[in-house]
Amino acid sequence: MAEKEKQTPDHNEPILKDKVALVTGGSLGIGTAIVFDLASHGANVAFTYRRHEEEAKQIAKQVEAMGRRALPLKADVSVFEEAQGIVDKTVEELGGLDILVNNAGMNWDGVIWKMTEEQWDRVISVDLKGCFNYIRAAAPTFREQGSGKIVNIASINGLRGKFGQSNYSAAKGGVIALTKTVAREMGRSSVNVNAVAPGLIETPMVKEAPEKVREMALAEIVLGRLGQPEEVASVVTFLCSESARHITGEVITVDGGQYL
């Protein structure tokens, strides 16, 4: 009986107590919400930023105010060599790595007959290659310890395509295929690999979009409102928890029915 009681989970403990997470692109929008949500559930969080250093410092202070450790790290996720250094720094400073969230991304829109090679290459290198870079860097650690959670932030536009976003849609479609492949490859090491595909989420960038763009998106959304970054973050946290230990290779849309 005593042994059985010992194995009963303590539901009062945070679901990610003392886990170490690395979030790319954590200084704005959805990435910031993910950092805060993981920390609020007990994780110590390293996160990358590229330009927004002051925002990153403030986010770190807020995480530390929650009683968790924070590690802001400047990086361009498209640079292969930097990824290993970021992973190594996280392990060194925070004592390990349990969770990787590939959130960093960008868009640079244009119809296909006007899109430049630079537009294509930059979006692919950040949104798709960036995911590869960090999975490649973290995979040996996860395999060696026989556990890990990887969540890649995709998009419903990687499932359906989007006018004027051939580069972005191709990159996010690639992220979905990468997710499913890595789930197969890492499954025997008890590593769960999933993707979250948001619809239009009310981030600072979206708030600045033309009203017509917002109205067109709202017309597609069954629930009649834009999503909030926290609604994406809560799904990410769930996928990083033991409650999702038998879920892998999945793509979960958080879009209010926009993709229906």
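I150 is in contact (heavy atoms within 4.5 Å) with L100, N102, I135, F142, V191, N192, V193 and N194, leaving aside its neighbours within four places in sequence. The model is predicted: local features need pLDDT of at least 70 and side-chain atom pairs count only at pLDDT 80 or more, while totals for chains, interfaces and linings use all residues. Residues are numbered from 1 along each chain as its sequence is written, and side-chain values use heavy atoms, with hydrogens and water left out.

**Nonpolar cores**

- I150 is one of the residues with the most contacts inside the largest nonpolar core, together with L22, L100, Y134, F142, M186 and V193.
- A nonpolar core here is a set of buried Ala, Val, Leu, Ile, Met, Phe, Trp, Tyr and Cys residues joined through side-chain atoms within 4.5 Å; the largest has 36 residues.
- At least two residues of this core come from each of β1 (20–23), β3 (70–74), α4 (80–94), α5 (117–145), α7 (166–186) and β6 (191–198). Helices (H or I, at least four residues) and strands (E, at least two) are DSSP runs, numbered from the N terminus.
- α5 gives the largest share of this core, 8 residues.
- A second, separate core has 32 residues, including L38, V45, A70 and I153.
- In soluble globular proteins, nonpolar side chains tend to be buried together.

**Helix α3**

- α3 (residues 53–65) has 13 residues and reaches 19 Å from its first C-alpha to its last, close to the 18 Å expected. The expected span is 1.5 Å times one less than the number of residues.
- A56, I59, A60 and V63 of α3 are buried. Buried means under 20% relative accessible area, exposed over 50% and partly exposed in between (1.4 Å probe, protein chains only).
- Seen down the axis of α3, the buried residues fall within an arc of 100 degrees, so they line one face of the helix. The arc is that of the directions from the helix axis to the C-beta atoms.
- E54, K61 and A65, on the other side of α3, are exposed.
- The cover over the buried residues of α3 includes α2 (29–40), β2 (44–49) and β3.
- G67 follows α3 and has a positive phi, near 90 degrees.

- Most residues other than glycine have a negative phi.
- D18, in the loop between α1 (2–7) and β1, has a positive phi of about 65 degrees although it is not a glycine. D18 is partly exposed, at 46% relative accessible area.
- S190 lies in the loop between α7 and β6 and has a positive phi of about 60 degrees, although it is not a glycine. S190 is partly exposed, with a relative accessible area of 49%.
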